[in-house]
Amino acid sequence: MRLALGLDLGTSGLKAVALDERGRKVAEARAAYPLHTPRPGWTEQDPLDWARAAQEALKALLEKLGQAEVVGLGLSGQMHGAVFLDKAGEPLAPAPLWNDQRTAQEVAEIEAAIPREELIRRTGNPAVTGFQLPKLLWLRRQHPELFRRVYKVLLPKDYLAFALTGAWASEYSDASGVGALNLAQKRWDAEILGTLGLSEGLFPELGPSERVVGYLRPEWARETGLPAGLPVVAGAGDNAAAALGLGVSRHRKGVGSVSLGTSGVIFIPLEVPTPEPEGRVHLFAHADGGYHLLGVTLSAAGSLEWLRGLFPEVSLEALLREAEEAPLGGEGLLFLPFLAGERSPYLNPHLRGAFLGLSLAHRRGHLVRAILEGVALSLGEVYRVMRPLAGAERLLATGGGAASDLWLSLLGGALGVPVARVTGDEGAARGAGILALVGAGVYPDVAQALQATAPTELPSPPAQPGMEAYRPGYARAVEKLLELY
């Protein structure tokens with residue numbers, strides 16, 4: 001049996017899966033590492049912790065595989081982080097992550113040097129505090145002596161590729177989250193970098209997601225038990241890889257995805273790079289050779305988890321049952337899910353959440369119901385911005401919140417699109433493994449790999465009728481909140 005491995009370098013830990021040729025999971029292993037927050041708004045990790053976790057997970061995974069032949073290894077991971085390396089490949093500092101907020105001054109510097117409209121036209125996005133490009137400017141401003149020693153700046157999963165193979169390489173999907181990739185040309189934008197006083201040489205070479213970037217080093221073979229010389233495939237950023245794991249691609253027309261994880265994410269494939277003119281949703285390259293729109297509600301299942309923490313004596317299942325007993329609209333109760341600021345479509349990190357319309361008649365079930373409806377309405381607003389550029393006939397749901405029929409029903413009503421589950425949910429690690437199957441030659445291209453490995457779709461819960469009636473009131477409430485923040 002030929003197997004491909006997929007690694008997903010997440011924020012809280014690393015997941016490794018082994019897939020057979022049909023994309024079915026044979027085994028998995030996990031390893032954890034710490035998240036450091038040395039100052040308010042800062043989040044960072046030690047790249048050496050990622051490498052240790054990868055060795056640990058790969059060794060544990062291989063012990064479960066017996067005599068099966070491993071033909072390739074694909075990579076995925078959290079986007080936007082910055083690993084600053086010297087010429088010997090040693091990290092010069094901890095890596096600031098995707099949710100690090102230290103770069104507000106550098107974002108202002110970028111937008112002062114390059115008009116916002118031009119930046120969106122070239123890269124698909126405005127300058128964003130979490131992206132990699134402002135992190136490099138921050139290092140130059142705050143630690144010029146370290147900046148002078150930087151030989152390459154890599155994204156998190158690309159650092160793993162370097163550790164595994166010695167290659168300085170990236171691919172288009174993850175690179176499009178740096179803030180300096182010309183999307184139409186799929187190359188580093190020399191004009192943007194030159195305007196900011198940066199060299200293209202700081203960044204790795206680019207290519208497709210399914211290409212082999214190198215081969216497993218002997219020392220990694222000794223530590224993990226994998227064969228030296230195993231092909232290592234470039235992979236994809238986590239959202240693009242997770243979409244491939246679902247079979248969401250330009251090769252399957254009319255299919256998008258929606259994730260109800262800590263954040264809520266709508267993912268719609270595109271054939272050509274078509275940015276939203278105001279940058280209210282992201283435009284990135286997809287791992288299938290095309291592009292995709294990405295809209296994010298930062299506190300989706302995270303909002304429900306916050307409320308659950310206020311009632312530790314009650315199970316989540318009990319809270320959801322109470323929500324089912326409350327009527328649609330919660331008898332006038334509305335929740336705005338901006339507990340951690342908001343990404344799409346408001347791009348406002350200072351927004352804060354709110355319950356509106358509370359009365360003495362409301363009970364705990366009303367609060368839970370309001371959160372489910374508020375997140376659905378929030379994602380509905382995201383989709384309203386995306387739909388003129390690219391729509392979907394149906395969305396495939398993933399994440400912990402997708403286990404709730406009630407939530408999917410509300411979401412289908414708010415978006416006006418059927419929302420269905422699929423069998424299995426290995427997320428980005430599965431997508432990385434599918435890319436490894438292509439890189440190893442099991443499939444000739446990504447399109448055929450997706451056709452052979454697409455998961456089975458399950459019936460959609462019927463959309464909740466009447467959700468659209470609450471959209472105008474929700475939109476007015478957000479307008480009032482934006483006046484405060």
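Buried means under 20% relative accessible area, exposed means over 50%, and partly exposed lies in between, for a 1.4 Å probe and protein chains only. This is a predicted model, in which local features need pLDDT of at least 70 and side-chain atom pairs count only at pLDDT 80 or more, while totals for chains, interfaces and linings use all residues. Residues are numbered from 1 along each chain as its sequence is written, and side-chain values use heavy atoms, with hydrogens and water left out.

Figure 1. Helices (H or I, at least four residues) and strands (E, at least two) are DSSP runs numbered from the N terminus. In α12, the buried residues are Ala318, Leu319, Leu320 and Ala323. The elements covering these buried residues include α11, α13 and α14, where contact means heavy atoms within 4.5 Å.

**Figure 2. The second largest pocket.** On a 1 Å grid over the protein atoms alone, a pocket is an open set of points with protein on both sides within 12 Å along at least five of seven lines, whereas a cavity is a set of points where a 1.4 Å probe fits but cannot get out; lining residues have an atom within 4 Å of a point. Grid points are joined across faces, edges and corners, and a volume is the space filled by probe spheres set on the points. The second largest pocket has a volume of about 270 Å³. Its lining comprises 17 residues, and Leu316, Leu320, Gly400, Gly401 and Ser404 lie nearest its centre. Two or more lining residues come from each of α11 (301-310), α12 (316-325) and α14 (405-415); the largest share, four residues, belongs to α11. By class, the lining of this pocket holds eight nonpolar, five polar and four charged residues. In this classification Ala, Val, Leu, Ile, Met, Phe, Trp, Tyr, Cys and Pro count as nonpolar, Asp, Glu, Lys and Arg as charged, and the others, Gly among them, as polar.

**Figure 3. The nonpolar cores.** A nonpolar core is a set of buried Ala, Val, Leu, Ile, Met, Phe, Trp, Tyr and Cys residues joined through side-chain atoms within 4.5 Å. The largest such core has 92 residues, and Leu133, Trp188, Leu198, Ile266 and Leu415 have the most contacts inside it. Helix α13 (residues 364-386) provides the largest share of this core, 13 residues. A second, separate core has 43 residues, including Ala29, Ala31, Leu58 and Val232. Leucine 415 touches Ile266, Ala376, Leu379, Gly380, Tyr383, Arg387 and Leu395, when residues up to four places away in sequence are not counted.

Figure 4. Two cavities of 30 Å³ or more are counted. The largest cavity has a volume of about 50 Å³, and its lining includes Ile110, Phe131, Leu133 and Val178. Helices α3 (116-123) and α4 (132-142) each supply at least two residues of that lining, which has nine nonpolar, three polar and no charged residues. The second largest cavity has a volume of about 30 Å³. Among the residues lining the second largest cavity are Gln132, Asp158, Val178 and Trp188; by class, this lining has seven nonpolar, two polar and one charged residues.

**Figure 5. Salt bridges.** A salt bridge is a side-chain nitrogen of Lys or Arg within 4 Å of a carboxyl oxygen of Asp or Glu. The whole structure contains 32 salt bridges. Lysine 25 pairs with glutamate 28, with the closest N and O atoms 2.7 Å apart, and glutamate 28 also meets arginine 30 in a salt bridge (3.2 Å, N to O). Arginine 30 is exposed, at 54% relative accessible area, whereas glutamate 28 is partly exposed, at 22%. Arginine 471 forms a salt bridge with glutamate 381, the closest N and O atoms being 3.3 Å apart. This pair links distant parts of the chain, with arginine 471 in helix α17 (residues 471-484) and glutamate 381 in helix α13, 90 residues apart. Arginine 471 is buried at 18% relative accessibility, and glutamate 381 is buried at 11%. Salt bridges with shared partners join Glu118, Arg121, Arg122, Asp189 and Glu191 into one network.

**Figure 6. Backbone features in two loops.** The peptide bond from serine 344 to proline 345 is cis, with omega near -5°. Proline 345 is in the loop between β17 (334-336) and β18 (354-356), and leucine 347 also lies in the loop between β17 and β18. Leucine 347, a residue other than glycine, has a positive phi near 50° and is partly exposed, with a relative accessible area of 29%. Lysine 186 has a positive phi of about 50° although it is not a glycine. The loop that holds lysine 186 runs between β9 (181-182) and β10 (187-188), and lysine 186 counts as buried at 17% relative accessibility.
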